[in-house]
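Q: I am new to this structure and would like to learn how to read it. Could we go through it feature by feature?

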Amino acid sequence: MRKKQFKAESKKLLDMMINSIYTHKEIFLRELISNASDAIDKLYFKSLTDDSVKLSRDDFKIKIDLDKENRTITLTDNGIGMTAEELENNLGTIAKSGSLNFKKENADSDKAEDISVIGQFGVGFYSAFMVADKVEVVSKAFGEDTAHKWVSTGADGYTIEDCEKDDAGTIITLHIKEDTENENYSQYLEEYTIDELVKKYSDYIRYPIQMEMSHQVPDPEKEGEYITEITEETLNSMVPLWRKSKSEIKPEEYNEFYKNKFNDYSDPLAVIHTKTEGQATFDALMYIPENPPYDFYSKEYEKGLQLYSNGVLIMDKCSDLLPDYFSFVKGIVDSADLSLNISRETLQHDHQVRIIAKAIDKKIKSELAKMLKNDREKYEKFFKTFGVQLKYGVYADYGMEKDGLKDLLLFETSADDKPTTLKEYVGRMADSQNDIYYACGESAQKIALLPQTDAVKEKGYEVLYFTDEVDEFAIQMLMEYDGKHFVNICKEDLDLSTDSEKEAINKKNEDAKDLLEKMKNALDGEVTAVKFSNKLGSHPVSLSAEGYVSLEMEKVLNSMPGNNQGVKAQLVLEVNSNHPVAEKLQSADDETLTKYTKLLYSTARLIAGLDLANPTEFSDTIAELM
């Protein structure tokens with residue numbers, strides 16, 4: 001037996017490895033299984049060119065044994081094994097990676113594409129000391145006659161001695177720590193815990209991970225009683241669904257995987273399965289849910305795709321892979337090109353992730369565009385659930401993503417019961433129409449009742465109905481579509497009149513200048529102007545807005561938490577010059593004019609969906625005039 005000290009590593013360094021690098025203690029199993037998989041990969045790679053390797057691909061496996069009584073976990077692989085020198089180099093020097101060296105040495109081989117080793121840093125093995133106070137490694141290198149045993153209890157060093165082992169491979173035995181007040185180490189001696197951890201982190205390791213599992217089954221000899229039956233089971237599924245060809249996968253397989261993986265009771269609305277090669281090579285399997293997750297609109301909701309590296313889970317929710325407007329997408333990305341940090345739990349730098357995220361964003365957009373074109377009913381169902389997210393995407397980040405999202409938007413319209421795209425709206429425009437008209441409100445039904453809507457429709461123009469709070473903000477960011485500018489029909493500067501109509505209404509306003517000024521003063525600063533209008537159809541009165549802030553914007557901005565400034569639109573009271581009420585105003589004395597003006601203003605506020613400052617005064621005035 002040879003007693004050794006770690007070459008460049010003090011107790012402080014090993015303590016850092018064990019206590020600081022890894023976030024969760026359960027990671028130890030992922031690391032040891034990954035190392036075992038690497039060892040098997042090396043022997044399998046060797047078998048491709050060396051006939052002395054008698055094992056076929058189906059012979060390779062990883063075995064886990066639990067011993068509660070002696071508090072040990074044993075992992076066995078029939079991989080390439082290690083010589084005494086390799087044991088000392090790989091385990092005696094912290095951060096020395098045999099897997100990384102192997103990959104470098106064979107990078108130019110014509111079989112290089114078959115290499116898929118997971119280990120890179122050589123520190124994963126030491127994660128075992130997070131849960132074990134003693135670790136034993138028995139290993140026999142392929143082609144060697146002698147096996148070797150490496151034993152360590154931590155930073156004090158290790159011993160290496162010769163031992164007996166029949167076949168090539170490695171056996172790692174962890175002596176699990178005793179439980180403390182804060183740590184339950186015994187959980188790692190439970191079958192269900194190990195089964196759970198394998199499925200969580202190592203489900204797609206390409207070799208079977210086997211363990212004896214105990215089950216309670218009816219006793220064939222004693223009715224009503226049960227006996228324990230022990231069977232050896234494979235814990236991992238091995239082949240990831242996303243690495244299979246799409247032609248091999250049935251729709252129900254996609255659906256079952258989604259429901260099991262993401263805890264949903266409903267089938268997904270759409271499946272996006274893609275493989276991308278180029279600047280970053282990755283497989284992705286993504287789903288658009290039929291319904292939003294229960295916590296989707298809460299602060300607790302976390303967006304992100306599961307991130308795998310060579311089939312090993314690295315991050316459960318990598319938020320950098322999805323923009324906020326696609327935060328509802330669920331799925332998996334698996335890439336061998338990731339630069340991971342030393343713990344393999346997070347990314348060392350995000351260059352590859354940015355490339356992958358860009359490709360994923362483009363793919364989701366193209367799949368949604370395809371759904372919009374080929375399955376309108378399904379797309380409308382999707383948009384009803386998640387469309388607001390896309391609208392926020394147009395508005396967010398100063399409109400950086402507006403061009404990629406604008407053709408995916410749907411809006412209700414005066415022309416049809418079905419929602420329309422902007423492209424469809426423009427396609428229906430008359431040659432004489434230069435603008436895209438819209439109005440905002442709580443619902444399409446209420447917008448349809450606006451005086452301005454009637455007037456615009458009478459001119460033969462279609463009106464988009466904006467019923468989501470973000471709609472107008474998104475459109476303001478979009479500014480125009482296909483060279484057509486967006487025009488709010490409830491803005492004061494809307495002008496659909498002919499030259500002769502303009503001339504006539506301007507003359508009426510000029511002739512009634514003193515009357516309109518009195519009405520403005522009667523409202524004591526509530527409006528910036530009162531004027532006669534020829535764009536209200538058969539309706540007597542309405543409110544419009546001057547400047548950037550529209551009536552709907554005022555409502556939205558003032559409803560936001562923490563907004564105590566009282567954002568106000570610059571309101572204009574418009575009176576229908578062709579309605580009998582206009583004549584009534586011109587014949588009223590000053591006192592009656594004031595009452596009429598306040599009554600008309602209050603009525604216009606109600607039509608616009610705005611609150612009344614004094615509902616009692618409004619009611620009293622109606623009763624008095626009656």
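Q: At what angle do helix H17 and H18 pack, and how far apart are their axes?

A: Start with the general idea. Two packed helices are described by the angle between their axes and the distance between the axes. Axes here are lines fitted to C-alpha atoms, for helices over the stretch in contact, and angles run from 0 to 180 degrees between N-to-C directions. Helices (H or I, at least four residues) and strands (E, at least two) are DSSP runs, numbered from the N terminus. Now the case. Helix H17 (residues 580-587) packs with H18 at an angle of about 150 degrees, and their axes are 9 Å apart. That makes H17 roughly antiparallel to H18. The scale is this: under 35 degrees is roughly parallel, over 145 roughly antiparallel, 65 to 115 roughly perpendicular, and the rest oblique.

Q: What should I know about the model itself?

A: This is a predicted model: local features need pLDDT of at least 70, side-chain atom pairs count only at pLDDT 80 or more, and totals for chains, interfaces and linings use all residues. Residues are numbered from 1 along each chain as its sequence is written, and side-chain values use heavy atoms, with hydrogens and water left out.

Q: Which residues meet between H17 and H18?

A: Contact means heavy atoms within 4.5 Å. Val581, Lys584 and Leu585 in H17 meet Leu593, Tyr596 and Leu600 in H18. These residues divide into five nonpolar, no polar and one charged. For the classes, Ala, Val, Leu, Ile, Met, Phe, Trp, Tyr, Cys and Pro count as nonpolar, Asp, Glu, Lys and Arg as charged, and the others, Gly among them, as polar.

Q: Is the crossing of H17 and H18 left-handed or right-handed?

A: A crossing is left-handed if the near helix is turned anticlockwise from the far one by less than a right angle, and right-handed if clockwise. The crossing of H17 and H18 is left-handed.

Q: At what angle do H18 and H19 pack?

A: Helix H18 (residues 590-607) and helix H19 (residues 615-625) pack at about 125 degrees, with axes 10 Å apart. H18 and H19 are therefore oblique to each other. H18 passes H19 in a left-handed crossing. On the H18 side, the contact includes Lys595, Tyr596 and Leu599. On the H19 side, it includes Phe618, Ile622 and Leu625. The residues of this contact divide into six nonpolar, three polar and four charged.

Q: How many helices and strands are there in the protein?

A: The protein has 19 helices and 23 strands. Of its 626 residues, 50% are buried. Buried means under 20% relative accessible area, exposed over 50%, and partly exposed in between (1.4 Å probe, protein chains only). Among contacts with a separation of 6 or more, 69% join residues 24 or more positions apart.

Q: Where is Gln306, and what does its side chain do?

A: Gln306 is in strand S12 (residues 305-309). Its relative accessible area is 9%, so Gln306 is buried. A polar contact is a pair of N or O atoms within 3.5 Å; within protein, one must be able to donate a hydrogen and the other to accept it, and residues adjacent in sequence count only if both atoms are side-chain atoms. The Gln306 side chain makes one with the side chain of Asp316 at 3.0 Å. Another, of 3.4 Å, joins the side chains of Gln306 and Tyr308. Beyond four places in sequence, Gln306 is in contact with residues including Lys261, Leu313 and Ile332.

Q: Is Asp219 buried or exposed?

A: Asp219 has a relative accessible area of 16%, so it is buried. Asp219 is in the loop between strand S8 (209-218) and strand S9 (226-234). A polar atom of its side chain lies 2.9 Å from the backbone nitrogen of Glu221. Leaving aside neighbours within four places, Asp219 is in contact with Glu225, Tyr226 and Ile227.

Q: What is the phi of Met238, and what of Asn263?

A: Phi of Met238 is near 75 degrees, a positive value in a residue other than glycine. Met238 is in the loop between S9 and helix H6 (251-262). Asn263 is not a glycine either, and has a positive phi of about 55 degrees. Asn263 is in the loop between H6 and strand S10 (270-276). Met238 is partly exposed at 24% relative accessible area, whereas Asn263 counts as exposed at 69%.
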